[in-house]
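Open the model in your viewer and keep the sequence panel beside it.

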Amino acid sequence: MINKKKWMLALSSLLLLAAAGCSFANNQSKEPDKLTLFVASDIHYLAPELNDNGEAFQKYMTNSDGKFLRYIDPITNAFIRDVNGQKPDVLIISGDLTNNGEKASHKELADKLESIEQETGTKIYVIPGNHDIKNPWARGFQGSEQYVTDSITPEDFADIYQDFGYTEAVSRDEGSLSYLATPSKDLWLLMLDTSISEFNELMGNPMINGELSPETLAWIRKCGEQAKNENARLVAVMHHNLLDHSKVLNKGFTLDNNEEALEVFKECGIQLVFSGHIHLQNIKSDGTDHPIYDIATGSLGVYPVQYGILTFDPTDGFDYNTSLVDVEGWAKAEGIEDENLTGFSDYSKAYYSEASLKKAKDRLAEVEGYTDKEKQMMAETMGKLNLNYFAGTIDKVREEILASEGYHLWETADPSVRTKNYILSVLEDGKDNHNHLTLR
Ligand code: FE
Ligand code: MN
């Protein structure tokens, strides 16, 4: 028995040596470090202990923006299963980690992230979004009541997420929760805190807009110089968008001083920015000869529930694609019986379509001059458009929508009809693939 064990041990150390030999050979041939990064955004996690899925929560959900808040714990667990299965080198979460900055949600999410780092060694970096800090809307739900629950301060944020950026940072900005992380010698991450939380209590709500202060911009410049000196590529990550992702919906989403920031980013040689906040999967470039790209990652809690996968090769550049969270696979592995989870692709699509259709019907309710049948066609067009706009797949349905009767009715509607401009603008720039990007 002992001999057999010894033999097994010898064999496994031989195998280990062989593996080590391989990587040694790779190092010798100076193969540059390839990195795989997962990028998720706007989880809006709500701790199960704050939500009994009772009357108050149901009521709260009727005014919701289509987020799968009821299932955010299973969705987060399913996402973690994907991360543990694929073991990326890096996981980035670009803000709005919690529903409304509840301390309990932050702590529970941090515990989940801890389990990833332990299981896979994946380096995790997070930044706050406008919902995460000093949020006067932090609430729990019990029976027919909503109750006020603790939110957190910026100091709490750096403490709760200390293992997910704040202690590993090679440099931290003094006046914000921005920091510089160096997951590899070739690729550095500028993790930027663009939210403004200090007036939230006074205003009674989380401020939606964001900015980079002159001091933070000066600190970014220094990071840029350091990266240039050490020949590292810089990627910026922030909650607010650097570029307008929509002609109609951009106020409060795009950084207030985005032009100034764009200039500084270009000085730093940044080509790629990751943002969130708008809950759309959408890629925009500034359209110049040396373009800078802003990839807005869709919300992890919104249809189609996906994240980005970026691979970086110092010689080949960047390759970006999106991937759906395998909620169904997780539900099966866990033996979950809830059919909404075991059949999540159908459920999520139907849920989101219904929410969009309802929104469209509400908006059209007071519009005069259309029959019910016409309004129904218009609402269906908007439903289809919304579903694909959020998934970043307008390019796949654009022709079909343009040819539909519902679209024709929108197109010829009076300019005063709300939502008309939104629909036209979505289709106007809907020719691009928003789920893929290659940067050589
Ligand atoms: Fe958000
Ligand atoms: Mn946000």
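A residue is called buried when its relative accessible area is under 20%, exposed when it is over 50%, and partly exposed in between, using a 1.4 Å probe and protein chains only. The model is predicted, so local features need pLDDT of at least 70 and side-chain atom pairs count only at pLDDT 80 or more, while totals for chains, interfaces and linings use all residues. Residues are numbered from 1 along each chain as its sequence is written, chains are lettered from A and ligands numbered from 1 in the order in which they are written, and side-chain values use heavy atoms, with hydrogens and water left out.

**Stop 1: His-44.** Select His-44, in the loop between strand 1 (35-40) and helix 2 (55-62); helices (H or I, at least four residues) and strands (E, at least two) are DSSP runs numbered from the N terminus. His-44 counts as buried because its relative accessibility is 1%. Beyond four places in sequence, its contacts (heavy atoms within 4.5 Å) include Lys-67, Leu-69, Ile-72 and His-131.

**Stop 2: the iron ion.** Select ligand 1, the iron ion. Which residues coordinate the iron ion (ligand 1)? They are Asp-42 (OD), His-44 (NE2), Asp-96 (OD) and His-279 (NE2), at 2.1 to 2.3 Å. Donors here are N, O and S atoms within 2.8 Å of the metal (3.2 Å for Na, K and Ca); water is not among the atoms, so sites may look incomplete. Along the chain the donors follow the spacing D-x1-H-x51-D-x182-H. Asp-42 lies in the loop between strand 1 and helix 2, and His-279 in the loop between strand 10 (272-275) and strand 11 (282-285), so this pair ties together parts 237 residues apart in sequence. Asp-42 and His-279 are both buried.

**Stop 3: the manganese ion.** Move to ligand 2, the manganese ion, 3.2 Å from the iron ion (ligand 1); Asp-96 coordinates both. The protein donors of the manganese ion are Asp-96 (OD), Asn-130 (OD1), His-239 (NE2) and His-277 (ND1), at 2.2 to 2.3 Å. Asp-96 sits in the loop between strand 2 (90-94) and helix 4 (103-120) and Asn-130 in the loop between strand 3 (123-127) and strand 4 (139-142), so the pair links parts 34 residues apart in sequence. Both Asp-96 and Asn-130 are buried.

Stop 4: Colour the open sheet of 6 strands, ordered 3-2-1-13-14-15 with mixed pairing; two strands pair if DSSP finds at least two bridges between them. Strand 3 and strand 15 (436-439) are at the edges with a single partner strand each, so one side of each has no neighbour in the sheet. Finish at Phe-318, whose bridge partner in strand 15 is Leu-439.
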